[in-house]
Amino acid sequence: MLASPETANHSTSMTAPALSPQTSALRVAILASGRGSNLQALIDARDAGTPIELVLVASDKLHAPALRRAEAAGIVTLALDPKGFATRAAFDAELFARVAAHAPDLIVLAGFMRIIDPAALAPWAGRIINIHPSLLPKYPGLHTHRRALEAGDPLHGATVHYVTAELDGGPPIACVEIAVRPGDTPETLAERLLDDEHRLLVATVGLIAAGRLAFDGARVLLDGAPIAAPLRLGEERLTVA
Ligand code: GRF
């Protein structure tokens with residue numbers, strides 16, 4: 001197994017902010033495979049006072065920039081290489097056992113580019129969310145920006161949803177829309193969407209930290225009542241459709 005040791009550097013980091021007592025903060029673990037800009041948005045939100053404690057950043061890529069961002073922010077990291085495991089199920093079982101050891105209240109998939117074994121997901125139902133760069137249920141999977149352009153969609157966007165065994169198929173919690181412009185390429189669209197993705201993820205995690213969101217196995221509940229449609233991100237905050 002190729003696994004780097006976990007590094008607990010809260011106590012030594014010069015960049016770790018002085019937080020108020022974290023007993024009431026939502027304990028959040030983040031899984032990320034790549035550059036980690038959504039992770040950074042959560043770090044910045046934490047530093048700005050959102051009541052979350054980032055208890056772990058884990059990656060399936062040993063050299064993911066997300067891990068470096070986490071270290072710089074004084075967050076414990078875990079890198080676990082799938083090549084060291086015989087099966088997806090074995091990797092996922094180990095990964096989620098390691099995540100569970102940090103007792104998160106919430107797991108955030110923030111650019112975690114793997115399909116997860118349903119058995120590993122099952123214990124986390126209602127406590128694991130994903131951010132996906134499309135207006136789900138449109139375009140689950142990859143190449144979402146290109147697919148939106150090829151379809152001639154006037155609107156594109158991103159969605160935060162509870163994770164179920166179906167790829168990008170769990171119930172949407174909240175979304176943000178942007179207009180597609182003439183001449184847009186997959187790259188320009190992705191770049192223009194990214195800031196909104198960050199705001200969407202931070203706003204959604206903020207609602208969860210405030211205890212206002214839940215998943216009853218079928219429906220997303222806001223303040224105890226099912227939502228008829230995903231919450232929508234406006235200029236400042238999430239609104240009910
Ligand atoms: C984001 O577009 C996210 O929506 C998708 O993967 C990308 C990750 O970007 N799931 P980053 O690693 O957070 O910068």
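I began with Pro137, which lies in the loop between S5 and helix H5 (144–150); helices (H or I, at least four residues) and strands (E, at least two) are DSSP runs, numbered from the N terminus. This is a predicted model, in which local features need pLDDT of at least 70 and side-chain atom pairs count only at pLDDT 80 or more, while totals for chains, interfaces and linings use all residues. I number residues from 1 along each chain as its sequence is written.

At Pro137 I looked up the peptide bond to Leu136 and found it cis, with omega about 15°.

Next I turned to the ligand. I listed 13 residues around it, the closest being Gly34, Ser37, Asn38, Gly111 and Pro133; a residue is taken as near if its C-beta atom, placed from the backbone, lies within 6 Å of the molecule. Helix H1 (37–47) and strand S5 (128–132) each supply at least two residues of this shell. By class I recorded five nonpolar, six polar and two charged residues, where Ala, Val, Leu, Ile, Met, Phe, Trp, Tyr, Cys and Pro count as nonpolar, Asp, Glu, Lys and Arg as charged, and the others, Gly among them, as polar. The ligand lies between domain 1 (1–124) and domain 2 (132–158 + 171–241), because both give residues to the shell; the domain bounds come from an automatic or database domain assignment.

I then followed H1 to its helix neighbours. H1 packs on helix H6 (residues 186–209) at an angle of about 50°, with the axes 9 Å apart; axes are lines fitted to C-alpha atoms, for helices over the stretch in contact, and angles run from 0 to 180 degrees between N-to-C directions. That angle makes H1 oblique to H6, given that angles under 35 degrees count as roughly parallel, over 145 as roughly antiparallel, 65 to 115 as roughly perpendicular and the rest as oblique. From H1, Ser37, Asn38, Ala41, Leu42 and Ala45 make the contact, and from H6, Leu194, Glu197, His198, Leu201, Val202 and Val205, contact meaning C-beta atoms, placed from the backbone, within 7 Å. I classed the residues of this contact as seven nonpolar, three polar and one charged.

With helix H2 (residues 65–72), H1 makes an angle of about 15°, their axes 9 Å apart, and the two are therefore roughly parallel. Here I found Leu39, Gln40 and Ile43 of H1 meeting Ala66, Arg69 and Ala70 of H2.

Terms used. Contact = placed C-beta atoms within 7 Å.
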